[in-house]
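Hi,

Here is the structure I said I'd pass along. Have a look at it first, and my notes on what turned up follow below.

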Amino acid sequence: MDLYNQIFNNNREWVKNKKASNDDFFNHLAEGQNPEILYIGCSDSRVTAEEMTGVEPGQMFVHRNIANLVPNNDNSSASVIEYSVAHLKVKHIVVCGHYFCGGVKAAMQAADLGILNPWLRNIRDVYRLHKEELNSITDEKARYNRLVELNVQEQCANVIKMATWQKSFLSNGFPHVHGWVFDVQTGELIDLKINFNKILSNIREIYDLGLGKSNV
Ligand code: CO
């Protein structure tokens with residue numbers, strides 16, 4: 001049986017297993033969602049948001065696109081962030097990149113990729129912002145990995161530039177923003193422990209929207 005047809009068998013099996021451990025599982029899901037986490041990750045089929053984190057349905061709001069980007073004028077990611085922060089009131093926002101990211105790799109190469117050009121230009125902008133550091137890394141794979149990490153950092157910065165996030169954080173003290181990287185080769189999830197206080201103090205005067213006291 002090909003994978004496409006297998007999926008419906010898998011689904012029936014999954015429903016059976018979920019009901020076996022909790023007969024009310026789907027009735028409970030139908031009542032609503034109360035996720036604590038917004039996860040923004042890459043569409044890459046190897047980076048499975050729910051499976052690799054072990055979360056259950058209802059626990060994590062998920063947005064995925066090529067190279068886990070939060071571009072300034074992207075209505076899709078902005079709407080996801082607006083809804084999850086202002087309405088679902090998530091406590092954490094995670095931007096998760098991954099090593100071996102095809103989107104990041106493509107942005108490091110001289111190639112015309114049509115409609116992908118403006119999307120991947122966001123990553124080229126990350127490279128330009130960190131050109132000095134990246135160009136000082138002579139090993140190509142290490143440079144590629146570092147760009148994956150810096151891309152996560154810049155997308156996290158894009159989240160905290162948004163009014164929705166600033167309003168919630170200044171009045172509620174959340175959501176906290178985290179940068180992660182998934183290593184496809186080991187399966188390991190790495191918290192980059194990005195120092196947001198440092199980043200914020202560098203960019204705050206530029207991106208301050210005047211929404212509260214500057215205790216971010
Ligand atoms: Co990717």
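**The metal site**

His 98 and Cys 101 are both buried. Keep in mind that this is a predicted model. The two residues matter here as ligands: the cobalt ion is coordinated by His 98 through NE2 and by Cys 101 through SG, together with the SG of Cys 42, at 2.0 to 2.3 Å. If you want to find the donors along the chain, their spacing is C-x55-H-x2-C.

The largest pocket holds about 470 Å³ of space. Its lining is made up of 21 residues, and the ones nearest the centre are Leu 129, His 130, Glu 154, Ala 157 and Lys 161. Helix H6 (116-129), helix H8 (140-160) and helix H10 (196-207) are the elements that each give two or more residues to that lining.

Two or more lining residues come from each of helix H9 (163-172), strand S4 (176-182) and H10. Which element gives the most to this lining? That would be S4, with four residues. By class, the lining of the second largest pocket has eight nonpolar residues, four polar ones and two charged ones. H10 turns up in both lists, giving two or more residues to the lining of the largest pocket and two or more to that of the second largest pocket.

**Domains and one lysine**

The protein chain is divided into domain 1, covering 1-32, and domain 2, covering 35-207. Between the C-alpha centres of domain 1 and domain 2 there are 31 Å.

Lys 18 sits in helix H1, which runs over residues 3-21. Is Lys 18 buried or exposed? It counts as buried, because its relative accessibility is 16% and the cut-off for buried is under 20%. The side chain of Lys 18 also has a partner: it makes a polar contact with the side chain of Glu 56, at 2.7 Å.

Cheers

Note on methods
Residues numbered from 1 in each chain as written. Predicted model: local features only at pLDDT ≥ 70, side-chain atom pairs only at ≥ 80, totals over all residues. Heavy atoms only, no water. Donors = N, O, S within 2.8 Å, 3.2 Å for Na, K, Ca; no water. Buried < 20%, exposed > 50% of the residue type's maximum accessible area, 1.4 Å probe, protein only. 1 Å grid on protein atoms, 1.4 Å probe; cavity = no way out; pocket = protein on both sides within 12 Å on 5 of 7 lines; lining within 4 Å. Points joined across faces, edges and corners; volume = space filled by probe spheres on them. Nonpolar A, V, L, I, M, F, W, Y, C, P; charged D, E, K, R; others polar. Domains from an automatic or database assignment. Polar contact = N/O pair within 3.5 Å; in protein donor to acceptor, adjacent residues only side chain to side chain.
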